[in-house]
Amino acid sequence: MALIVQKFGGTSVASTDRIKNVAKRVARWKAQGHDIIVVPSAMSGETNRLIALAKEISTAPDPRELDVIASTGEQVTIGLLAMALKEEGLKAKSYTGPQVRVLTDSTFTKARILQIDDQKIRKDLADDHVIVVAGFQGADEEGNITTLGRGGSDTSAVALAAALKADECQIYTDVDGVYTTDPRVEPAARKLDTITFEEMLEMASLGSKVLQIRSVEFAGKYKVKLRVLSSFQDEGEGTLITVEEDKQMEQPIISGIAFNRDEAKLTVLGIPDRPGIAYQVLGPIADANIDVDMIIQNIGHDGTTDFSFTVNRSEYAKAMDILKASGEKLGARGVVGDNKICKVSAVGVGMRSHPGVASKMFNVLGAEGINIQMISTSEIKISVVVEEKYLELAVRVLHKAFGLEQGE
């Protein structure tokens, strides 16, 4: 018998029929003798609907009141699911985040979990209840309702699993696991049986939308075993995300090819090549709360240098306006940009012990006539920026070059 936390996303509980299906699935696990805690999201599209209502009242809704509104989506789901579980003959009880006492900081709309009081849940589990806890929400020290940011139900589930020392945290979604790349881009993509937290964190940060980054960080920190499963298939083991083990050392060097279309590049031309110039360029960008990803400063020539960096495409226009203003003060020759780029990355813990991954990647892309504009590396990933029109070709040729096809 195990203690299992199961999280179901919005598409899994999008209708009352789907909620009934979730209840049947939970009942099967319960029949095997497991203790179950279920963390559902709001019904698909509901959070967007609630936020849209708030914006009809105010163009800039008060964050505290916005959390009061946005948190109600999960409250509906937990009540419906608890009722559906009772219809299956199970003892069930629902709790909102504040009722459990999911304590967060006071950063409304993107709060962080500080502590979880597990006493009520443990008492109800001992009484053979299935516990249904609202994801995405908690309360601060003052009792104000808070939400954890989009995708926060994943974090809620992992945090509960950590607090209760659960044997496994299962994330049910509309895919049946983590793939070597997006099957919509490369049909030969293969589902991974296991992947390390490090690799999953890189994949998530580089564009893989299977799991929220914060939930993977949380799971890695507290060594919570995560499993990604499909809500719409009864068969399959999904993908287990866990700590690196010795048996994985002989697995392929590369575990997956990730990509992100939402990239834009900006370059400040001919700025003075002197200490502190990088801060003078990026300081105003940081002050505007714009995240910078890849950065390149070219070798100085005649006392000047070119400085390039990437931002999310949605921040491109804002960043360009800031750069043009600060570029004049810095005496730059000009500012240029490109919002038709993308980032493609190879990820794998095997890189640590296998040299030559970068040269192979560059050779494969070069053979296809794909020009690399920027390069970024870490111990377990290599990312390149290329023209967006080459994204799908780059993903497919790299996927094949590193032997990630089905059946290999």
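Through how many residues does a hairpin join β17 to β18? A hairpin of 2 residues makes that join.

View 1. The model shown is predicted, with local features requiring pLDDT of at least 70 and side-chain atom pairs counted only at pLDDT 80 or more, whereas totals for chains, interfaces and linings use all residues. Residues are numbered from 1 along each chain as its sequence is written, and side-chain values use heavy atoms, leaving out hydrogens and water. Strand β17 covers residues 374-378 and strand β18 residues 381-387, and the two run antiparallel, joined by 5 bridges (strands pair if DSSP finds at least two bridges between them). Within this pairing, Thr 377 has Ile 382 of β18 as its bridge partner.

**View 2. The fold of the protein chain.** The chain comprises 13 helices and 18 strands, these being DSSP runs numbered from the N terminus (helices H or I of at least four residues, strands E of at least two). Its radius of gyration is 24 Å, close to the 22 Å that the globule rule gives for 408 residues, so the chain is as compact as a globular protein of that length (taken over C-alpha atoms, the rule being 2.2 Å times the number of residues to the power 0.38). Along the principal axes, the C-alpha atoms fill a box of roughly 75 × 55 × 30 Å.

View 3. Of the 408 residues, 51% are buried (under 20% relative accessible area, 1.4 Å probe, protein chains only). Among contacts (heavy atoms within 4.5 Å) between residues at least 6 apart in sequence, 75% join residues at least 24 apart.

Technical notes
Buried < 20%, exposed > 50% of the residue type's maximum accessible area, 1.4 Å probe, protein only.
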